[in-house]
Amino acid sequence: MSENQSEEVQQIEKLYEFSERLNASKDKSQNVEDYEGIIKMSKTSMKAKQLASQLIPRYFKFFPSLSTEAFDAHMDCIDDGDLGVRVQAIRGLPLFCKDTPDILSKIVDVLVQLLNTEEPVERDAVHKALMSLLRQDPKASSTALFTHAGVTPTTDDQIREKVLNFIRDKVIPLKGELLKPQEEMERHITDLIKQSLEDVTGGEFKMFMDFLTSLSIFGGKAPPERMQELVEIIEGQADLNAQFEFSDTDHIDRLISCLQLALPFFARGAPSSRFLIYLNKHIIPVFDKLPEERKLDLLKALADISPYTTAQEARQLLPSIVELLKIYMPARKTGEEMNFTYVECLLYAFHHLAHKVPNATNSLCGYKIVTGQPSDRLGEDFSELNKDFTERLTIVEDLTKATMKKLTQGMTEHNKAMSAAKTDEEKASIKTKRQNTTTGLRTCNNILAMTKPLHAKVPPFIGDTNLNLSWKEATKPLASTTTTIGGKRPANSNNGSGNNVAAKKGRGSGTMQNQLVNKAFEGISSYGAGRGGNRGWGRRGGGRGRGQGRGHW
């Protein structure tokens, strides 16, 4: 045995002697020299450091006068160059808190800094130590952990990311085990999350919202006021108090994404008024100035939110929807294009809003609906409005039927092409075209189903959700969202603006026209598809702080 090995054996034996005497002692606080000996041995050989890392926290509570010296020695082991020593010291950290809970937050802080390690074994030890503390004292541990989840002037972005990943991968899956007593701890976690949302990316916010909605206090039996609480959190992220700038694409993305997140809570009774007021006051008036790829997402969000509006909200929003309908339902003597998906969204929103306040359509569309209220305005002549509106409906129907015929022909051609296709690439391309054509046919069917009742003087407005919007039935998000048929504006397959067909009937013919029609609904997508789903969530921009770039949504 070498001299070094012999010395190491002696150190180990001394450590065992110290430990045995401490174990045997009834009043361990009298064994100061033994504990001092353990601290001293933590600065010697590798194996002695590993054993000392187990013994220092085990007897820590009995020697408050040596607490600083003991903890510093343990931290030296955590900083040691040997991986085995570091791992053993990390495993010992939770033991400090068993009988001295007042230092728990300090231990959590240490472990959080250690999350940044690149060594898998060391990182695993850190994760287990943190989980051990969360089981020991869920409230204090989670409080200390979440102090690193928010953004402060001293926040280290890299450490914060590691903490968020730990919460996502380790804490959330075991929330049922960790959050006890359940209601008290779920409320505590909710408060901690609220405090962490001042400056988050879209991906981070969605993770936190997924965490919240998985809690039982927000579960299926939760009252509407709990849903309102969640919507208020989302409203904060949407910046509904901010002045809207149509050039601020980050704010537009965040607004639309927040609307999507809030929809399930509107369906469960939460009020949508703040969103609707903001949309009606700030967004719809500058709709034509919005980036093309955002317009369709916004209209889909409006369609989705419309069934959950109140009568008062519907009355305020309906004039704006009618104005947009007149823009996108072509008049007979013009050659403008028709965007089928825009029209589907707007007709759906129109039906649901009008169902809540039917007499509001008298002065907007020239209908004659009697409710006995002064708002009926039956003594006024709105016949010209009705004539214009119903003529537009007829043109929409003619264009839709013509397009359905072309799409049906295109589907036949796709089926023939699929039979002849030889390579997987060809088959995948044809399959995508068939899916797009199918979605296009759904859009057309929906439009016809919604225009038909609007020809009556007292139309039966659709007030249920039985009509399935076309993009919700698509099996997969598809790549592009726009193709113009015979129109004046150039086609842009990636701008998300829907599917355009020339309003002037009979424009174009022959093979070229068939090819164009076959592409009419190529790339119809759900929100944000083709742009990464969450539209850049998870990327921090330069600068933090509301209004200065909390990162891209």
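Buried residues are those under 20% relative accessible area, exposed ones those over 50%, and partly exposed ones those in between (1.4 Å probe, protein chains only). The model is predicted, so local features need pLDDT of at least 70 and side-chain atom pairs count only at pLDDT 80 or more, while totals for chains, interfaces and linings use all residues. Residues are numbered from 1 along each chain as its sequence is written, and side-chain values use heavy atoms, with hydrogens and water left out.

H148 has 17% relative accessibility and therefore counts as buried. H148 is located in the loop between α8 (138-146) and α9 (157-171); helices are DSSP runs (H or I, at least four residues) numbered from the N terminus. The side chains of H148 and D109 are joined by a polar contact of 2.8 Å (a pair of N or O atoms within 3.5 Å; within protein, one must be able to donate a hydrogen and the other to accept it, and residues adjacent in sequence count only if both atoms are side-chain atoms).

Rings of Phe, Tyr and Trp (its six-membered ring) pair if their centres lie within 6.5 Å, with planes under 30 degrees apart counted as stacked, over 60 as edge-to-face and the rest as tilted. The count by this rule is 12 aromatic pairs. The F71 and F96 rings are edge-to-face, with centres 5.4 Å apart and planes at 75 degrees. Both F71 and F96 are buried. Y367 and F461 also form an edge-to-face pair, at 6.1 Å centre to centre and 70 degrees between the planes. Ring pairs link F350, Y367, F389 and F461 into a cluster.

Conventions
Helix = DSSP H or I, 4+ residues; strand = E, 2+ residues; numbered from the N terminus.
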